[in-house]
Amino acid sequence: PTFNQTTATIQITKSKMSDEEIEEKTGISREKHESRNQLNELPVGKLKQSKEDKTVYTDDNGRLWKLNPDFNASYHQPMPLYVAAVRSIISNALGGIFPVPNLKFISLNADKTYSEVVANRHTGELVMDPTIFGTYNFCTDAPNGMEEGKLPTDGEHRKFDIVTHEEYGGNYKHIAKGIPAGSLQKPPVILEV
């Protein structure tokens with residue numbers, strides 16, 4: 001994305017690299033990128049907030065999910081990135097007034113990669129818009145992701161997950177493991193609100 005200060009807009013520019021160049025740069029083919037969510041695991045049942053730590057949630061199987069700060073969920077909002085980022089900063093400074101609408105959660109998989117889900121904070125429904133929904137993260141270099149509530153913006157996460165989305169786009173074939181894009185009429189509720 002590029003930011004134009006004069007018009008205060010973010011523009012997503014079409015990649016000037018070929019698919020082969022993107023794969024050489026990232027090690028991820030278009031097919032692997034667009035199919036990544038076949039590996040993305042959803043919470044079982046609803047996420048419930050911990051009484052001890054308001055950023056830790058568990059699903060019905062006891063799996064831990066970490067709530068990311070709103071600023072780190074800026075890519076997953078139904079508004080331009082810069083608006084979501086600024087709104088998150090202002091809301092945080094004002095004690096949570098007028099927060100962004102979507103919450104992002106990550107959960108460590110057995111192979112040290114991360115599953116990711118995005119839910120509407122008001123309804124608890126899983127966000128199913130492929131331009132902003134949660135995606136499986138191939139990175140394995142985020143050992144503190146669950147403690148910090150975010151994945152790094154550099155290293156493997158940048159290379160395997162961020163750059164591939166910026167270059168290949170969001171034409172994902174699945175919402176999550178076993179759920180092809182476009183197969184659900186109504187989003188499931190995954191968050192206890």
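**Stop 1**

Select L108 and look across to β7: L108 stands opposite Y114. Before going on, note that this is a predicted model, in which local features need pLDDT of at least 70, side-chain atom pairs count only at pLDDT 80 or more, and totals for chains, interfaces and linings use all residues. Residues are numbered from 1 along each chain as its sequence is written, and side-chain values use heavy atoms, with hydrogens and water left out.

Now select β6 (residues 102–108) together with β7; the two run antiparallel and seven bridges join them. Strands here are DSSP runs of E, at least two residues long, and helices are runs of H or I, at least four, numbered from the N terminus. Two strands pair if DSSP finds at least two bridges between them.

**Stop 2**

Buried means under 20% relative accessible area, exposed over 50%, and partly exposed in between (1.4 Å probe, protein chains only).

**Stop 2: aromatic pairs**

Show the rings of Phe, Tyr and Trp (six-membered ring for Trp): they pair if their centres lie within 6.5 Å, and count as stacked with planes under 30 degrees apart, edge-to-face over 60, tilted for the rest. The count comes to three aromatic pairs. One of them is Y57 with F105, edge-to-face, at 4.9 Å centre to centre and 75° between the planes. Y57 lies in β4 and F105 in β6, so the pair ties together parts that are 48 residues apart in sequence. Both residues, Y57 and F105, are buried. Next, select Y136 and F138: edge-to-face, 5.1 Å centre to centre, 80° between the planes. Y136 and F138 are both buried.

**Stop 3: the loop at D60**

Pick D60, in the loop between β4 (56–58) and β5 (64–67). D60 counts as partly exposed, at 48% relative accessibility. Leave out residues up to four places away in sequence, and D60 touches V44, G45, K46 and K48 (contact means heavy atoms within 4.5 Å). Draw the distance between the side chains of D60 and K48: a polar contact of 2.3 Å joins them. A polar contact is a pair of N or O atoms within 3.5 Å; within protein, one must be able to donate a hydrogen and the other to accept it, and residues adjacent in sequence count only if both atoms are side-chain atoms.

**Stop 4: helix α3**

Select α3, and colour A84, A85, R87, S88 and S91, which are buried. They cover an arc of only 165° around the axis, which puts them on the same side of α3. The arc is that of the directions from the helix axis to the C-beta atoms. Just after α3, find G95, with a positive phi of about 75°.

**Stop 5: H157**

Finish in α5 (residues 155–168), at H157. H157 is buried, with a relative accessible area of 9%. The side chains of H157 and N137 make a polar contact at 3.4 Å.
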